[in-house]
Structures are given as C-alpha cells and as structure tokens.
Amino acid sequence: MKSGGLGQQIGRADLLRLLLQFGADSADAARASASLGDMCGYAWQGESAPPQAAAPPEQILSKVGAEEGGAPSTSPAVQNLRAQQYHAVLHQPEATPSDSVDWQALLAATENQSRLIPPSPAPARAVSPLSSTRRLAAACARQLRQPRMGTQLDIQKISQSLALCQDIDWRKMRQHKAAWRPNCLVLHLGEADMPQQTDYYRVARVAYRCSGGQTPVYLSLQGHDWFVKTRYQDHREWQILPQPPRLKGQTGIVLGQDPMTGDAALRAGAWRLLWSANPPPSASLPLIAWRESAALTPQRRAPAWAELAPEKIHMLLCLCSLSAHVEIALLRALRQLMCLPPAAESVCWLHADVLQDGLALALRHDIRPQYLRQLPDLPLELRQQAARLIAQHHAHLSFGLQLEDALCATHYAPGGEAFDPAPWYAQLAQDLRTPDLPPAQARTVRESAAFLGRQGWRSDSLAWRGSAEFTLAWAIAQRKDLQQGDSLPPEFPLAMRAPLCAALGISMPAPEHGQCLWRVLQCDGQAWVYAHPLTEPAPPRYAPELARWQGPAQLQWRVEGGAWQSVEAPEEGGILWAQIPLSEAQTVEIRAGDRYCTVEPVARPTWALEVGRDVQGGYALAPNPWGEAVRVGLPLDAVVGAVFKVESQTAISAHATSSKKKRKQSHQLHFMLSQSLALDAIGLYANLEVVGPHGRAQQVFRWIAAGSFAMGRPADEDGYDEETPQHEVQISQGFWLADTACTQALWQAIMGENPARFNAANGGGPEHPVEQVSWLDVQAFLQKLNAMLPGCGASLPTEAEWEYACRAGTTTPFHFGATVNPEQVNYDGNYPYPYPDGSKGEYRNKTVPVKALPANSWGLYQMHGNVWEWCADDRREYAAGRWIDPGLEAARAPPAKPARRALRGGTWGLLARHVRSAIRCVDASEMRADSTGFRLALRFPAGKGG
C-alpha cells in the first residue's frame with residue numbers, strides 16, 4: 001500500500017522484480033523489499049485473510065445493533081454492484097363482499113331458499129369444419145386424379161390443327177378423361193394434429209367416396225399403429241394393419257406431420273418401410289396446409305409455428321382460463337374469435353402450461369390463476385364473447401361445470417349473458433346439510449361434493465373472496481379439510497378459515513401462536529424470512545428489508561409456477577428463520593393470511609453508476625451533469641416519467657463589450673439557467689433551460705452508456721475507402737449527448753446573434769439547426785457555456801463517440817435499417833440508397849426543425865442528414881485492431897487553432913449514400929457553410945463518473 005515518498009518514480013512492479021531476483025521466500029528478499037519499500041513510501045500489508053464462510057442467521061443477528069428506531073447498523077448497508085438486486089411488492093387484498101359477510105346469516109338464508117330446477121342439458125356442439133365438403137372434394141380431385149387417353153377423337157383439337165396447317169398426330173387427337181390415379185392418401189397424425197383430427201377424417205371420407213374406393217387411405221397415429229380405410233363411414237371404417245404397408249412406385253398426399261422431417265424414430269421406422277422400394281422426393285408428397293374457408297393447396301413445408309406471435313397465443317390461453325375444461329370444439333371457437341390461423345390450436349395443445357387427454361385441454365391448476373390475473377388486460381367485449389361461447393359449448397355438460405364457468409365469468413367478464421351462480425351454490429349448500437335424501441338425490445349431492453373439492457383446487461383467490469355462496473358450499477362439502485387446515489387449496493384465503501369453522505360448528509385446533517410480524521430480507525442473493533410474536537420487541541435486522549406485514553403464524557412461499565411450501569412460526573415464541581432461494585429470471589411469491597408479496601429481480605439500468613440496497617430500499621446512482629450523482633429508487637416503474645432531480649435556478653451575470661460611435665462600452669448581461677434530471681421510457685436525460693436577454697432556449701441531453709461497437713463500414717456496404725477497415729472501438733466512459741443539433745434559439749440565447757442562413761426570414765426558424773458556424777466559432781460558444789456552468793464539461797463528441805451514438809447498437813448503413821426515405825432523413829430524395837434500386841422521395845433543399853423527423857432508439861434526432869456536425873478530433877486513419885477512446889484527449893483539451901477537424905452525419909443537400917452512419921468528412925476549422933452545424937456533449941472530468 002502506497003503511503004508517499006519516492007513511489008512516484010518507483011512503483012510496485014520494481015518491488016516485484018526485486019522479489020523475483022532474490023526469490024520470493026528468501027530472507028534477503030524480505031529485507032530488501034522492506035528497506036526499499038520504506039524509502040519509496042510503501043508499507044507491507046502481509047497476507048490477506050481467507051474469506052469467511054457465511055454465518056448462520058443467529059450469529060448475524062448477534063453482530064447487529066440496529067433496533068427499530070434506534071441507532072443505524074454498523075454493518076455495510078450497500079451491497080456489491082455485481083450482486084443481483086430484488087424488489088418486493090406487498091399486495092393488499094381488495095375489498096370484496098366476502099370480507100364482511102355474516103356466515104351465520106348466510107347459512108340460515110340457505111335453509112329457507114326455494115328450490116331451483118336446473119335446466120335440461122342441450123346437445124353437444126360439433127367441431128366446426130375448417131373447409132366445406134365441396135372444397136375438400138375439389139382438392140382431392142385436383143391432387144388424386146390424372147387425365148388418360150380416351151377412345152373418341154377430339155374434333156376441336158383436329159379443327160385447330162387443320163386451320164393452322166399443322167401436321168396431325170392422330171395418336172394425340174383423342175379426348176382425355178380424368179381418372180383416379182393408382183396412388184394413396186396417408187394421414188400421418190401426431191400429437192400436434194389432435195385438434196384437427198376430425199378434419200383429417202373428413203378428408204379421408206371425401207377422398208374415399210369420390211374415388212369409389214379406388215384411392216387407398218392409410219392412417220398412422222403418432223407413428224405407432226397403421227390403419228387402412230375399408231368403408232365410407234361407420235364404426236368399422238378403419239381396419240388395423242399388422243405392419244406398415246408397402247407401396248411400391250406410388251405417390252400421393254401426406255396430411256399431418258411430414259415423416260421426412262419428423263423425429264429419428266419416424267424417419268428410420270415407419271416411413272422407410274412405407275416407401276421401401278423407391279422413396280419419392282418431397283415434392284411429390286405435398287403437405288396440405290389448412291387455410292380456413294379457402295381452397296386447400298399443397299406446399300412443400302408445413303406452416304411455421306414460429307410465425308405465430310407469442311402474445312397472441314398467450315391471449316388465447318387467457319381466454320381458455322375462463323373454463324377448467326376446453327374441448328376441441330371450444331378451442332376452435334375461441335381461436336376463430338381471435339382470428340388466428342388453425343396452427344394456433346396445435347400450439348396451444350402442446351403448450352407447457354396445458355394438460356390434455358386427447359379430447360380436451362385444461363390449464364394446470366397451479367398456472368391457471370396467473371392467466372386469470374392477466375385477463376383484465378384484455379378488452380371486456382372480447383372476454384364477454386369468450387364467456388358466451390363457453391356457456392354455449394358447455395350446455396351439454398354437468399351443471400356443476402356450468403356453475404364454475406358462470407362463477408368465473410361473473411368476476412372476469414362482467415356484464416355478459418352468464419347467469420348468476422350464487423343461488424345455485426346456496427341451494428347446493430342446503431342440499432349438503434340435508435339428511436335422509438332420496439337415493440337419486442343423495443347420489444347427486446355426493447357427486448356435487450366431489451366436484452366442489454376439485455373446483456376448489458382450480459379456483460383463484462377472487463373466486464373465493466368474491467362469492468360467499470361458493471365458499472360456504474365448499475366449506476360444507478370439505479369439512480374435514482377445513483378443520484385440518486393442512487390440505488387447503490393453494491388460493492384459499494387463510495383468514496376465512498376461522499369464521500367459517502365457527503359458523504359451521506367445526507372445532508378448530510387451538511392456535512399455537514398469535515399474529516406474527518413477518519419480514520423478508522435480502523442477503524447475498526437469498527431471501528431470509530423471519531417471524532416473531534407481536535408481544536415481543538422487534539429484533540434487529542442485519543440486512544436491508546424487502547417487505548414486512550402482520551399475518552398468521554403460517555407462511556407459504558413458492559417460485560413462480562412451482563408448488564407452495566409452508567413455514568410455521570415456533571411454538572414458544574422466539575425468532576423463526578427460513579431461507580428462500582431467489583432467481584434472476586423468476587418471481588417468488590410469499591404469503592401469510594390475505595396478504596402476499598412478490599419478490600422480483602430488478603435489472604441494473606444501463607446508466608447506473610452504482611446499484612445497491614440500504615435501509616431506504618433499492619437504489620441506483622444516476623450520473624448528474626449538474627453536480628453530484630443522484631439517488632434513484634428501484635424499481636424504475638415508480639419514477640419513469642417523473643423528474644426526480646431539479647437543481648435550483650441559477651442567476652449568472654456576464655460582461656459583454658460593444659462598440660458604439662467608436663467607443664467600447666462594457667455592460668452586464670443576466671442569464672437564468674435551470675437544470676433538471678429525469679427518466680422516461682428511453683432512459684436517463686438531463687434538461688437545460690437558458691433564459692437571457694437575447695431569448696430563451698431549451699436543450700435535452702441523453703445519457704450514452706459506455707460500450708463497444710464496430711466502427712466503419714463493413715466490406716459489403718457501398719461506401720468510401722476512408723471508412724475502412726471496420727474495427728472495434730471501446731467507449732470506456734459514459735457521456736451526455738444532446739438529443740438534437742444545436743438550435744438557432746440556443747445559439748442566440750448564449751451568443752446574442754444568429755449566423756444561420758435558414759433563419760426565420762429565409763424558410764427556417766428558432767428550432768432549425770444553427771449553421772454557418774466554424775469549428776472555432778463552436779469553441780467560443782463552448783467557452784461561454786462552460787463559464788456559465790462550471791464543471792459540466794461542455795464539448796464536442798469525438799468521431800468514435802458520434803458514430804457510437806448514431807448507430808445505437810445497429811450494424812446497418814442507417815440506424816433505421818438498410819435503407820431510408822425522406823420521411824426519416826432530410827437529404828436529396830432524388831438519389832436513394834442503394835442507387836438506383838431505392839425509391840425516390842422529396843428533396844427539401846433546406847434544413848428542417850431538429851425534431852421534425854424520427855429519433856433513433858437512444859432518443860437522438862437526425863443523426864443522419866440535415867447538417868454536418870463538427871467533431872472534437874481530426875479525421876484519423878482507420879486501422880485494424882481494438883481502439884479505446886480514440887480522440888478523447890482532443891475533446892478534453894482541444895487545441896487553440898487546429899488545421900482541420902472531422903464532420904459526421906451528412907447534410908440536407910447530399911445523396912442518401914452520403915448520410916450513412918459510417919460517412920466521414922474533414923474540413924478546415926475556420927470553414928463556415930450553410931450545411932454545417934454541431935451537437936453538444938457533456939462529459940465528466942478525467943477519472944470521474946461515467
């Protein structure tokens with residue numbers, strides 16, 4: 001460790017070299033290093049202590065002295081920057097009718113209720129066909145029929161040949177008749193084809209009937225069993241084959257999965273046996289692609305499931321969560337409601353969150369509540385239409401399932417046509433408490449009790465808390481589970497257990513403990529949960545707290561999508577500890593009573609200088625060009641769109657000298673500067689407002705985080721030699737960059753003049769970029785601005801920084817993509833890129849306002865075109881290799897009068913080729929033109945920030 005002295009000339013590397021010469025373990029090396037180290041100002045630290053193992057919670061608690069309301073803890077409160085930070089959201093229960101229900105009065109009301117008669121079941125709805133029988137017949141005739149030579153002469157063809165004086169080949173002058181080919185139709189169905197199984201069977205029946213039984217039709221179910229069609233339509237239409245058929249020299253149609261692209265077992269097994277003689281090319285095995293209400297056409301590949309938007313599939317699964325039982329006919333109706341292609345049925349059928357039995361699908365009971373919570377995000381009309389379809393398709397099922405659907409529709413699709421299930425649950429509660437029922441009615445009651453038990457495990461917390469009648473009927477049917485409490489459904493509100501047992505006269509075990517105070521702490525990527533009785537003083541906390549709440553002595557937690565695990569407080573008081581693993585990609589749910597919290601990982605913002613957690617919660621330190629770094633609370637949802645740092649307005653006086661009647665006069669100018677720091681959906685930005693005697697102006701600066709990129713154009717991009725070779729450049733320090741080129745208003749407010757050609761009198765205005773300013777003029781502007789705002793480091797960006805910000809993470813010629821148009825960039829639209837293949841557009845022949853055209857993904861406007869922008873450094877010669885901050889020294893300490901400087905971005909009068917991200921230009925530093933402007937940058941002093 002350096003303490004002073006000659007260490008400025010002799011470093012630690014010299015001491016290491018000395019140790020190597022003598023031997024690291026020798027006594028001479030120790031004496032020499034000690035004496036030389038004392039002279040040079042170094043102190044020997046010795047060996048570092050090995051890292052200590054993590055102490056158990058009891059030992060950690062004993063080392064902490066921070067009581068509630070007492071002195072702060074001496075342990076470090078800020079966690080490592082590399083550690084994953086988490087955020088906990090404590091969810092309070094919404095007020096529902098079940099919170100204030102009188103269970104005794106409700107139980108008495110059910111005994112006096114008049115009896116209801118359930119509606120008679122309706123016939124089951126069939127699966128709506130994807131295509132009509134007429135279209136199927138046309139498709140089969142088109143694919144399975146071929147022309148053959150007849151016996152009659154073709155008089156029309158003979159007449160045409162004679163009229164054209166052509167030789168007549170009498171063998172070809174016969175009429176052609178369409179006949180069925182000696183080929184086959186193969187239904188190769190897998191698990192993904194189950195939703196369309198009835199449609200495939202319809203194709204087989206149509207092909208068999210149209211060909212009069214001449215077309216062999218074979219069926220393979222998931223590559224195991226093979227069947228052949230022997231009848232048109234009855235219970236014996238398919239006959240099992242002892243082995244896969246051998247079809248030599250025949251071609252046909254394959255419906256369903258393509259055996260040539262299936263798994264290895266299919267390719268090596270059934271398909272090879274099927275075409276053992278001469279496997280035909282895939283072109284002769286067209287795959288029928290289902291396109292609803294359209295002609296069936298063959299194609300060489302199956303529809304790509306990846307083309308289906310995942311958010312659409314998620315919406316379809318949300319609609320399916322309205323019912324616990326979704327048969328194929330209902331799945332198709334919901335899919336048609338969302339106007340999705342038929343392949344969406346297969347995607348839902350094979351989804352990881354779905355269980356299926358060959359006839360219907362159902363969302364997993366532990367996953368379904370998550371989809372139900374997201375249902376309110378869908379349009380209400382869509383939910384109401386889905387609930388109506390569910391009621392229509394389930395009219396033939398048991399009335400218990402109809403009650404469950406109606407209960408779900410009442411909460412998540414209100415205002416629809418679903419009937420009120422509350423009176424029916426009240427009647428079911430009455431029947432469950434009535435003794436000596438007739439045998440038929442008793443059997444119905446037993447079935448209803450069993451169904452209520454299954455429904456309880458499928459219901460979410462809103463169903464429990466929103467329908468007191470359902471909760472009462474379930475409690476009567478499941479008295480044993482309610483009394484024991486250890487096998488309750490996962491979403492059952494634990495706070496309802498005691499009043500329900502009291503109303504039903506069920507004796508509950510005496511509570512082992514009273515209410516507890518639960519706390520969730522984060523330590524080293526783990527969540528520690530501990531509880532203590534409210535009668536004892538609050539224990540100290542050794543780490544920042546994520547959440548706290550009061551609840552019963554039993555707590556449950558689970559990782560998102562997993563099973564609930566229980567934690568109980570100790571019997572004789574004291575503190576209970578439980579460790580819960582946290583994941584960087586999943587949410588952890590913790591609940592006790594009616595309250596629960598979700599612990600979610602917090603992504604580190606790209607602009608954060610430091611992230612951590614202290615007694616106030618999670619935070620990130622944001623760079624501030626106007627002063628010290630600013631603390632921002634995590635997560636960012638609460639601060640996005642809000643100004644979280646406002647500097648007080650600063651009054652500045654400056655002296656100006658003017659010449660009047662050949663006499664120099666000095667007068668004082670007063671400026672008012674306002675600075676703020678805020679966050680939006682793009683990222684961090686700073687705002688500067690200048691109010692002076694020459695006007696007022698505003699400039700926004702975007703934070704550009706450090707990173708690396710490929711500078712220059714790739715070899716396949718049309719450009720110039722000075723843009724090559726493409727090489728890697730690292731921007732090691734973040735900086736602030738103006739989101740627009742400097743406007744005429746800002747230049748006027750600072751400098752007191754407007755040199756621009758395109759001013760208000762010449763087709764421009766205050767929001768147009770200032771032009772006709774040289775690099776030396778810009779330096780005078782920067783000196784004046786730095787005098788007003790000391791420490792902000794106003795400068796020009798380097799060439800590397802400019803291209804890094806322009807590309808914004810892209811590698812294409814423009815940050816918009818491979819080409820641009822005048823609606824995106826201000827250039828000569830008569831010369832598109834690539835020329836001449838691109839489309840022409842408008843040529844404005846002047847500048848436009850700095851925010852008139854779209855910005856890139858980092859919030860920077862018009863990095864392409866409008867005006868050239870001066871850079872801080874000269875145009876260097878590119879070379880291969882890895883460069884770190886090229887030109888940064890010239891930006892921090894610009895020379896007084898350099899010969900030339902670089903310009904980037906292109907201008908309004910150039911071709912599209914000259915406004916690419918990689919385009920470069922250089923000119924004399926005193927050059928002024930109506931196409932040359934600049935863009936401000938703010939940077940920290942060397943060795944600070946960024």
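**Aromatic pairs and charges over rings**

Let me start with an arginine: R876 lies over the face of W883, at 4.4 Å from the ring centre. A second case of this kind is R901, which sits over the face of W775, with 5.2 Å to the centre of that ring. Please keep in mind throughout that what we are looking at is a predicted model.

F399 belongs to helix 15, residues 399–412, while W424 belongs to helix 16, residues 422–433, so the contact ties together parts that are 25 residues apart in sequence. W424 itself is buried, its relative accessible area being 16%.

The other pair is Y804 with W858, where the ring centres are 5.3 Å apart and the planes stand at 70°, so this pair is edge-to-face. Here Y804 lies in helix 24, residues 799–807, whereas W858 lies in the loop between helix 24 and strand 34 (868–870), so the parts tied together are 54 residues apart in sequence. How exposed or buried are the two partners? Y804 is buried, with a relative accessible area of 8%, whereas W858, at 26% relative accessibility, counts as partly exposed. Finally, these two residues belong to a cluster, in which ring pairs link F709, Y804 and W858.

How values were computed
Residues are numbered from 1 along each chain as its sequence is written. This is a predicted model: local features need pLDDT of at least 70, side-chain atom pairs count only at pLDDT 80 or more; totals for chains, interfaces and linings use all residues. Side-chain values use heavy atoms; hydrogens and water are left out. Helices (H or I, at least four residues) and strands (E, at least two) are DSSP runs, numbered from the N terminus. Buried means under 20% relative accessible area, exposed over 50%, partly exposed in between (1.4 Å probe, protein chains only). Rings of Phe, Tyr and Trp (its six-membered ring) pair if their centres lie within 6.5 Å; planes under 30 degrees apart count as stacked, over 60 as edge-to-face and the rest as tilted. A charge sits over a ring if NZ of Lys or CZ of Arg is within 6 Å of the ring centre and within 35 degrees of the ring normal.
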